[in-house]
Amino acid sequence: MSAPRPARPEPRPGVLAIDTYVPGKSGRPGGGKVYKLSSNETPLGPSPAALAALHEATAKLETYPDGRATALRTAIARRYGLDPERIVCGAGSDELLSLLAYAYAGPGTEGIYSEHGFLVYRIAILASGGEPVVAPERDLTVDVDAILARVTDRTRIVYVTNPNNPTGTYLPFDEIRRLHAGLPPHVLLVIDGAYAEYVRANDYSAGLELALESENVVMTRTFSKIHGLAAVRIGWMVAPSHVADAVNRIRGPFNVSGPAIAAGSAAIADEAHMAAAAAHNAEWLPKLTEGARALGLEVTPSVANFLLIHFPDAPGRSAADADAFLTERGLITRRVTAYGLPNALRVTVAGAEANTAFLAALGDFVRGPHA
């Protein structure tokens, strides 16, 4: 006897296992001045050249954009010395991370990501019909051996954020190469370099070289962080020609808007603006780290534009208590419970005024009546 048909359309298995991605909050009850330190946005804003290009592009909103984002791919290729045919652009790197899962994972397959990796990886794997496999980290850092130990005949894709979000830690390039060498050739390694432009460590590489020389490596990047274009949603990836071809076959024909193409093309060419943003980060990241540590708090070493601050698991002193206290002061931080870090807050390197206000408020919290 056949099973009864559902009374309404039902999503396929895996979809309802997805926890909806919840962005960091951006305000506080009652209004008032707010310093948003929850979304890793640049305090310098976008390049003036990008703003001018965006404004000019709004005069042509009635026309479809170039479906291949040729101007943007050409600008990226010029900046990094690449073949534009190996570049694919998307509505944020999030879209590209998902398209890669749709192209290479699916029912009966597995995708691997690290314990505290970007939540979009799990969403992308489940949405493709695949099974997510979590590799534990070591000292809040991606563990190459833990990933390799979880590779099976069903593994099709491995995601690594480098530097990692929300921890801010990174893998030296030798470790990325070791990871790649240990993967079967049919497994796609996706290196997410959303924060690559901020890193100043000598042993770091965003993975561009590996993507250019390998048949199973993709590097993704974003315009949402150092370029200050989060609102217009632009991401890009460099991939082997066959991977770029597969993703181009399934992406939407006009997935990057005309204004985004114009703004991104101008932003990638403004090296001075990028350098200023990186310099600001290099000045304030150690100041915030040292300021929080001076208050007796543990801070995970970060190479990105944010830091992870840990709080005691004690009433009145916890991360939840700190978050509530800081929110009352108009300082919006990011709870990272969904990343398996309930006793920590992620804090963006913001402008000088916001950073100073944050350290002052954090000191008031630590030295408060609960102390």
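Author: Happy to! Leu-72 is found in helix 2 (residues 70–80); helices (H or I, at least four residues) and strands (E, at least two) are DSSP runs, numbered from the N terminus. Before going on, please note that this is a predicted model, where local features need pLDDT of at least 70, side-chain atom pairs count only at pLDDT 80 or more, and totals for chains, interfaces and linings use all residues. Residues are numbered from 1 along each chain as its sequence is written, and side-chain values use heavy atoms, leaving out hydrogens and water.

Leu-72 counts as buried because its relative accessibility is 0% (buried is under 20% relative accessible area, exposed over 50%, partly exposed in between, with a 1.4 Å probe and protein chains only). Apart from neighbours within four places in sequence, Leu-72 is in contact (heavy atoms within 4.5 Å) with Cys-89, Phe-223, Ile-234, Val-256, Ile-261, Gly-264 and Ser-265.

Thr-167 sits in the loop between strand 5 (155–161) and helix 6 (173–182). The side chain of Thr-167 makes a polar contact with that of Asn-164 at 3.3 Å (N or O atoms within 3.5 Å, where within protein one must be able to donate a hydrogen and the other to accept it, and residues adjacent in sequence count only if both atoms are side-chain atoms). A polar atom of the Thr-167 side chain also lies 3.3 Å from the backbone oxygen of Leu-140.

Now for charged pairs: the structure holds 15 salt bridges, each a side-chain nitrogen of Lys or Arg within 4 Å of a carboxyl oxygen of Asp or Glu. In one of them, Lys-33 meets Glu-353 (2.6 Å, N to O). This pair links distant parts of the chain, with Lys-33 in the segment before strand 1 (35–36) and Glu-353 in helix 12 (residues 352–366), 320 residues apart. Lys-33 is exposed at 54% relative accessibility, while Glu-353 is partly exposed at 46%.

Arg-249 forms a salt bridge with Asp-245, their closest N and O atoms being 2.8 Å apart. Because Arg-249 and Asp-245 are four residues apart in helix 8 (residues 241–250), about one helical turn separates them.
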